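Thanks for asking me to look this one over. My comments follow as numbered points, and I hope they are handy while you have the coordinates open.

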Amino acid sequence: MSDPAAPPGSSPPPITLVIADDHPVVRHGLRSIFEVSSGFAVLGEAADGAEAIELVTRLDPDVVLMDLRMPGGGGVEAIAELSRRGARARVLVLTTYDTDSDTLPAIEAGATGYLLKDAPRDDLFGAVRAAAEGRTVLSPGIAARLVSRVRAPGNHSLSSREREVLRLVAKGSSNREIAAALFVSEATVKSHLTHIYGKLGAKDRAEAVAIAYDRGILG
């Protein structure tokens, strides 16, 4: 990222990166394309979310390239934990998955951007630069779908926690059981249910579950 204190005419310091992916070949490939390009420096590689959290905390990179589905700790959980810790690094999700069930939780957890692994190299470089500057980056298909969801009449986008509550409701759990499972108060559960009913246009638990199944929210 640029350094305002750098003397005129000098090159800005490189954008520093940590790469988190469970496939060694993918990590090696990403490291290679960034290391042969000016303006970037790869500080480390992580094979899962837990290792990514440790590296980011220790190395303080500008950007994390984060895969989502990794054994031993997924990307969404790692993004949420980094946000909780107040990490300076911007997280750019780089994955093969572009469904709403993957995209929305990652963005809600604190990801700055979401890009697919088949993106051209120049698009990847541009996305990393934008993420380092704090700008939101979304692949065109994902951006179009999110805009459609926002503009759709009766938009029913639920937060990840609201979907958790609804899944437990669908299993027949009481408010007390949901509160215990999620480590929240019953009042919080009731608040989530009120929001769920409003977003889905439902009058009670049974109707909310039926609507959620009909719209594919619960699979």
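1. Let me begin with asparagine 175, whose side chain makes a polar contact with the side chain of arginine 205 at 2.6 Å. Please keep in mind that this is a predicted model. Asparagine 175 belongs to helix H8, which covers residues 175–182, and its relative accessibility of 16% puts it in the buried class. With neighbours within four places in sequence left aside, asparagine 175 is in contact with Glu186, Val189, Lys190, Leu193 and Arg205.

2. The next residue to look at is arginine 176, also placed in helix H8. Is arginine 176 buried or exposed? Arginine 176 counts as exposed, at 61% relative accessibility, whereas asparagine 175 counts as buried. Arginine 176 has a C-alpha to C-alpha distance of 8.4 Å to valine 189, and 13 residues separate the two in sequence. Valine 189 is also one of the residues in contact with asparagine 175.

3. Arginine 205 turns up again where two helices meet. Helix H7 (residues 160–170) and helix H10 (residues 205–214) have axes that come within 10 Å and cross at roughly 110°. The two helices are therefore roughly perpendicular to each other, since angles of 65 to 115 degrees fall in that class. On the H7 side the meeting residues are Leu166, Val169 and Ala170; on the H10 side they are Arg205, Ala208, Val209, Ala212 and Tyr213. Sorted by class, this contact of H7 with H10 has seven nonpolar residues, one charged residue and no polar ones.

4. On to the charged pairs, where the count comes to 15 salt bridges. One of them joins lysine 117 and aspartate 67, with 3.7 Å between the closest N and O atoms. Lysine 117 sits in the loop between strand S5 (113–116) and helix H5 (121–132), and aspartate 67 in the loop between strand S3 (63–66) and helix H3 (75–85), so this pair ties together parts that are 50 residues apart in sequence. Lysine 117 is partly exposed, with a relative accessible area of 29%, while aspartate 67 is buried at 4% relative accessibility.

5. Within helix H3 there is a local pair to look at. Glutamate 81 and arginine 84 form a salt bridge whose closest N and O atoms are 2.7 Å apart. Both residues lie in H3, three residues apart, about one turn of the helix. Arginine 84 counts as exposed, at 62% relative accessibility.

6. The side chains of lysine 199 and glutamate 162 meet at 2.9 Å, N to O. Lysine 199 is in helix H9 (residues 186–200) and glutamate 162 in helix H7, so the pair ties together parts that are 37 residues apart in sequence.

Definitions and conventions
Residues numbered from 1 in each chain as written. Predicted model: local features only at pLDDT ≥ 70, side-chain atom pairs only at ≥ 80, totals over all residues. Heavy atoms only, no water. Axes fitted to C-alpha atoms, helices over the stretch in contact; angles between N-to-C directions. Helix = DSSP H or I, 4+ residues; strand = E, 2+ residues; numbered from the N terminus. Parallel < 35°, antiparallel > 145°, perpendicular 65-115°, else oblique. Contact = heavy atoms within 4.5 Å. Nonpolar A, V, L, I, M, F, W, Y, C, P; charged D, E, K, R; others polar. Salt bridge = Lys/Arg side-chain N within 4 Å of Asp/Glu carboxyl O. Buried < 20%, exposed > 50% of the residue type's maximum accessible area, 1.4 Å probe, protein only. Polar contact = N/O pair within 3.5 Å; in protein donor to acceptor, adjacent residues only side chain to side chain.
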